[in-house]
Amino acid sequence: MTHLRFLVLCAALALGAAAPAAGASPAHPVMGGSTLACTGRVDPARPLVLDPAVRARPQRLSLEGTVLLDRCRTGAGDRVRRRSARVRVSGSGTVSCTGWSGLTGRARVEWFAGDNRTGRRLGTSSVVQSGRNSGGMSAALPRGRVTSGPLTGARVDSGVTYGLSALRCASQGVRSVSGPVWVRFTGATVS
């Protein structure tokens with residue numbers, strides 16, 4: 001049965017996403033020293049909700065939810081001041097079980113000095129989708145850019161691993177999704 005990297009679409013709507021390879025874990029991709037990478041998960045209390053549900057036929061939908069980021073490190077593996085974050089995402093686009101177009105998305109990244117969103121708050125970054133705006137579920141998806149707050153100017157790549165049967169998507173629809181996440185901020189000072 002064909003599996004879609006469906007939650008990657010949700011990251012694309014919100015942060016801008018690059019899909020991990022089939023079977024890949026949400027581990028950090030190889031990066032340079034000007035990269036901040038975090039892993040995390042969709043907040044189980046506030047999953048990414050799709051309205052209306054994604055189905056076989058393309059339709060306009062919106063997305064809202066929260067992603068929790070932890071274990072933030074530089075490309076060299078160093079610990080940094082910004083160690084965790086709460087990311088509130090929203091977006092919209094025309095989506096089906098097999099493709100997407102016309103995506104727009106925003107994210108608000110609230111940074112914390114401690115693990116698990118504890119410690120002093122270190123500001124809020126705004127992220128908007130930028131780049132490619134249509135494709136199939138296996139095509140390159142849009143990326144994002146930090147437009148204000150910490151890491152302004154950084155490019156944002158992200159991915160989420162979530163297998164979903166194309167048959168189930170077409171027959172039952174998908175209203176919410178959750179799963180492990182990785183996010184990478186590249187090209188800004190990452191203290």
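In this predicted model, strand E13 is mostly covered, with 5 of its 7 residues buried. E13 runs antiparallel to E2, and 7 bridges join the two strands. Within this pairing, alanine 37 has arginine 184 of E13 as its bridge partner.

Once neighbours within four places in sequence are left aside, leucine 69 is in contact with Cys38, Thr39, Gly40, Ser84, Ala85, Val87, Arg117, Val181 and Val183.

Aspartate 70 is located in strand E4. Its relative accessibility is 4%, and aspartate 70 therefore counts as buried, the limit being under 20%. Excluding residues up to four places away in sequence, aspartate 70 touches Cys38, Thr39, Gly40, Arg41, Arg83, Ser84, Asp115, Asn116 and Arg117. For one of these residues, asparagine 116, the backbone nitrogen lies 2.9 Å from a polar atom of the aspartate 70 side chain. Asparagine 116 itself belongs to the loop between E6 and E7.

The backbone of asparagine 116 has a positive phi of about 55°, although the residue is not a glycine. Leucine 151, likewise not a glycine, has a positive phi of about 70°. Most residues other than glycine have a negative phi, and most peptide bonds are trans. Leucine 151 is placed in the loop between strand E9 (143-148) and strand E10 (155-160). Despite this loop position, leucine 151 counts as buried because its relative accessibility is 7%. A cis peptide bond leads from aspartate 51 to proline 52, with omega near -5°. Proline 52 is part of strand E3.

The structure contains 2 disulfides. When the bonded cysteines of the protein chain are numbered in sequence order, the pairing reads 1-2, 3-4. The link of cysteine 38 and cysteine 72 is right-handed, with 110° about the S-S bond. Cysteine 38 and cysteine 72 are both buried. Cysteine 38 is also listed among the contacts of leucine 69 and among those of aspartate 70.

The other disulfide joins cysteine 97 to cysteine 169, with an S to S distance of 2.0 Å. Distant parts of the chain are linked by this pair, 72 residues apart: cysteine 97 lies in the loop between E5 and E6, and cysteine 169 in helix H2 (residues 166-172). The torsion about the S-S bond of cysteine 97 and cysteine 169 is about -90°, so this disulfide is left-handed. Cysteine 97 and cysteine 169 are buried.

Technical notes. Residues are numbered from 1 along each chain as its sequence is written. This is a predicted model: local features need pLDDT of at least 70, side-chain atom pairs count only at pLDDT 80 or more; totals for chains, interfaces and linings use all residues. Side-chain values use heavy atoms; hydrogens and water are left out. Contact means heavy atoms within 4.5 Å. Helices (H or I, at least four residues) and strands (E, at least two) are DSSP runs, numbered from the N terminus. Buried means under 20% relative accessible area, exposed over 50%, partly exposed in between (1.4 Å probe, protein chains only). Two strands pair if DSSP finds at least two bridges between them. A polar contact is a pair of N or O atoms within 3.5 Å; within protein, one must be able to donate a hydrogen and the other to accept it, and residues adjacent in sequence count only if both atoms are side-chain atoms. A disulfide is a pair of cysteine sulfur atoms within 2.5 Å.
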